[in-house]
Amino acid sequence: MSQYDVVIVGAGFTGLTAAYVLAKQNKKALVLESDSTPGGLAGTFEFNDGVKLEKFYHHWFNNDVYVPELVKELGMEGDILLLPTRTGMYFNGRIWRLSSPLDLLRFNALSIIDRVRLGLLVFQVRRIRDWKSIEHLSIREWLESLCGRSVYKIVWEPLVKAKFSVFAEAVNAVWMWKKLVLRGSTRNSKGGEELAYFKGGFGRLAEAMVKSIREHGGEVRFGTSVKAVKASDGRVQALATDAGDVVGNKFIFTPSFPLIANMFEDVADPKWLAGLRKVKYLGNMCLVLRLRQSLSETYWLNVNDPGFPFVGVIEHTNFDRPENYEGSHIAYLSRYLAVEDPVWAFSDEEYFQFALKHLKRMFPAMEESWIVDYKVWRSEYAQPVTERSFSDYVPGNETPFENAMISTMAQIYPEDRGTNYAIREGRAIATKIFAIAE
């Protein structure tokens, strides 16, 4: 039975980056992934004619550091696309463009005073240096104090409720603060927003990482689920998988906290397991539509009408060109929800019909004949819920076992989950795991 220097659970970008770094250092690294493709939420799928794209929509910001740094290392910097985007808001039966300061001034759903207050928000946000000073506040409590109840009710409340569902009043203000700081810093000299994309999609980047890991002597196994941890004498000895035991010297776990807790269930202190399970998550249902015609000119359309069940309609081919998808127009409809919500149990066809009914209300000219194909993807642990004082209770990288560490998307706080930070954390955990004494 082979023994590996390090066994990594999960082939999302954190796990892949850790394996990539360690394999380049001549460590014998093995990545175990239950899915059939790498990349986690950025994993890809193919329609019947071979058109490939991400299961869940992705881009990165033009001021992100870690993604372009990795792309350059892989010799693929020529595949970075920096593109202007059009963003908007669906409110009160119409689409409002919100891509520039001038668009904001035209947004007469708010009074002129409230438009000014909304425009000044980004400057108020930038003045906050210590994010812990607002961690005790909910998003609503914080934003109402800055821009007033009317702005919050029209612009922010529908988005917060659509994003966090039953946890809308529980999420702390730091989540929104970080979003506003980040988005405010991605504007070009004219006030427009520029975002970056990787030619062929993030799944192609993940596949390039797998190739590099293997070229440097590492292994990546797909379709392999970790069922349990086997431990003794304060150390993890092996992982029980559906393909047999895997023995290693050191271990990194990158899935969500509840999944990690399940793996450690029979060997770890119940108090530590309870700490992992204290962090709550929301699921995401993402409907991917392949269309003959475009829905609108907008890339990212926030849905601010409470009568609609989506946080956004993301028309990917208003960002990346339809020519890259055999002339098709690609749109993602994103819904965050608790897995206890009855909608979570819908079949793919039921969810498609449910979504289509609302989509036709938004775009009255749309006909079902526009739809070439569709796919529904679900992620049970898509969004960690960062409640008040989250930094006081979010688990750290350490485990009760001296040779095992954790690195998950819930731990990048105060950042929110994203490929850029996953790559950063993958590099960091690769360094930490080998700082541990043998």
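Here are some friendly notes on the aromatic pairs, the nonpolar patch and the salt bridges of this predicted model.

1. Let's start with the aromatic rings. A search of the whole structure turns up 23 aromatic pairs. One of them joins phenylalanine 45 and phenylalanine 47: with ring centres 5.1 Å apart and planes at 75 degrees, the pair is edge-to-face. Phenylalanine 45 is buried at 8% relative accessibility, and phenylalanine 47 is buried too, at 5%.

2. Another pair to look up is tryptophan 96 with phenylalanine 107. Their planes stand at 85 degrees and their centres are 4.9 Å apart, so this pair is edge-to-face. Tryptophan 96 belongs to strand S8 (residues 94-97), while phenylalanine 107 is in the loop between helix H3 (101-105) and helix H4 (112-126), so you will be looking at distant parts of the chain, eleven residues apart. Both residues are buried.

3. Rings also gather in a cluster. Ring pairs connect Phe13, Tyr57, Trp60, Tyr197, Phe202, Tyr299, Trp300, Phe319 and Tyr332.

4. Two lysines are placed over aromatic rings. The charged end of lysine 28 sits over the ring of tyrosine 4, at 5.1 Å from its centre. Lysine 375 lies over the face of tryptophan 377, 4.9 Å from the ring centre.

5. Now turn to the surface. A nonpolar patch there consists of Leu102, Leu105, Ile112, Ile113, Val116, Leu120 and Phe123, which together have about 670 Å² of accessible area. H3 and H4 each contribute at least two of the patch residues, and H4 has the largest share, with five. Isoleucine 112, in helix H4, is partly exposed, with a relative accessible area of 48%.

6. On to the charged side chains: the structure holds 27 salt bridges. One of them joins arginine 277 and glutamate 265, whose closest N and O atoms are 2.5 Å apart. Arginine 277 is in helix H9 (residues 270-278) and glutamate 265 in the loop between helix H8 (257-264) and H9, so the pair ties together parts twelve residues apart in sequence. Arginine 277 is partly exposed at 37%, as is glutamate 265 at 36%.

7. A salt bridge also links lysine 280 to glutamate 387 (3.0 Å, N to O). Lysine 280 is in strand S14 (residues 280-291) and glutamate 387 is in the loop between strands S18 (371-385) and S19 (404-406), 107 residues apart. Lysine 280 is partly exposed, at 33% relative accessible area, whereas glutamate 387 is buried, at 17%.

8. Finally, glutamate 415 and arginine 424 meet in a salt bridge at 3.6 Å, N to O. Lys24, Glu69, Glu73 and Arg427 are linked in a salt-bridge network.

Note on methods
Residues numbered from 1 in each chain as written. Predicted model: local features only at pLDDT ≥ 70, side-chain atom pairs only at ≥ 80, totals over all residues. Heavy atoms only, no water. Phe/Tyr/Trp six-rings, centres within 6.5 Å; stacked < 30°, edge-to-face > 60°. Buried < 20%, exposed > 50% of the residue type's maximum accessible area, 1.4 Å probe, protein only. Helix = DSSP H or I, 4+ residues; strand = E, 2+ residues; numbered from the N terminus. Lys NZ or Arg CZ within 6 Å of the ring centre and 35° of its normal. Patch = residues over 30% accessible without salt bridge, like charges linked within 9 Å, V, L, I, M, F, W, Y side chains within 5 Å. Areas by Shrake-Rupley, 256 points an atom, 1.4 Å probe, with all protein chains shown as cover. Salt bridge = Lys/Arg side-chain N within 4 Å of Asp/Glu carboxyl O.
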